[in-house]
Amino acid sequence: GTSGPDTEVTTPTRVVFELRGVPVTLVSEGFWVHDVSTGRPRLVSYVDWVRDRVLDRFGRPDALLLAWADSRSRTDVVSFLAEHRIDPRRLAAELGLASGGSIDTVDQLLHVAWDRPTMTRSERVRRAKTEHQAELDALPDRARAVLTLLLDRYAEAGIDEVSSAQVAQVPPLSTIGSPAQIAASFGGAEQWHAARETFQRWLYSA
């Protein structure tokens, strides 16, 4: 049919779940949270909900950054967001950051919870290159080229793509050598894995 925007407003998506035993309903305006003191639900804005959940879980900005900088613990953060119905795309829209998608999820969360200025991914890359220029310069040519490409690719595509174990099998890295050649330029598979973890810490240092 020809359902216009009015239809969406009058029939909001309702997802009911629990937070510490209290019923919560996700609607288009935010979250209805059952208030135990009054026995009635109260509406919490999307941004306020995100702020409270992030502060509950992490307490300090460096704790969140530390968790985000490691690919294993970042998976736990992503699961935590999903469990609390926090969608980074909706959060970006609520914050007016929707255009371009150049702000990392972690920077949206830092902004909401601690009022940190939002760094773009390109700004994170510039800072990492400046702070770690000496380490980059000390690497063999191919290894330096690989990390530089990874940093530039992160600015374009985000952390999920560049932290993947398969990153060496696809452009841009596949254009400068096979996965075995790329690993060898760091001294072997273990050192290549360690370099990818180090590179993520460079991006997300507190």
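1. Start with the bridge pairing: Phe-31 has Val-44 as its bridge partner in β4. Strands β3 (residues 30-35) and β4 (residues 40-45) run antiparallel and are joined by six bridges; strands count as paired if DSSP finds at least two bridges between them. Helices (H or I, at least four residues) and strands (E, at least two) are DSSP runs, numbered from the N terminus.

2. Before going further, note that this is a predicted model, where local features need pLDDT of at least 70, side-chain atom pairs count only at pLDDT 80 or more, and totals for chains, interfaces and linings use all residues. Residues are numbered from 1 along each chain as its sequence is written, and side-chain values use heavy atoms, with hydrogens and water left out.

3. Back to the hairpin that β3 and β4 form: four residues sit between the strands, and Gly-39 in the turn has a positive phi of about 75°.

4. Now α7. Its residues Arg-121, Arg-124, Val-125 and Ala-128 are buried (under 20% relative accessible area; exposed is over 50%, partly exposed in between, with a 1.4 Å probe and protein chains only). Looking down the axis of α7, these buried residues fall within an arc of 100°, so they line one face of the helix; the arc is that of the directions from the helix axis to the C-beta atoms.

5. What do the buried residues of α7 pack against? They pack against α3 (61-69), α6 (105-114), α9 (141-157) and α12 (189-203), with contact meaning heavy atoms within 4.5 Å. Arg-126 and Thr-130 are exposed, on the face of α7 turned away from its buried side.

6. Finally, His-132 lies in the loop between α7 (121-131) and α8 (133-138). His-132 is buried, at 14% relative accessible area. Its side chain makes a polar contact with the side chain of Trp-202 (3.3 Å); that term means a pair of N or O atoms within 3.5 Å, and within protein one must be able to donate a hydrogen and the other to accept it, while residues adjacent in sequence count only if both atoms are side-chain atoms.
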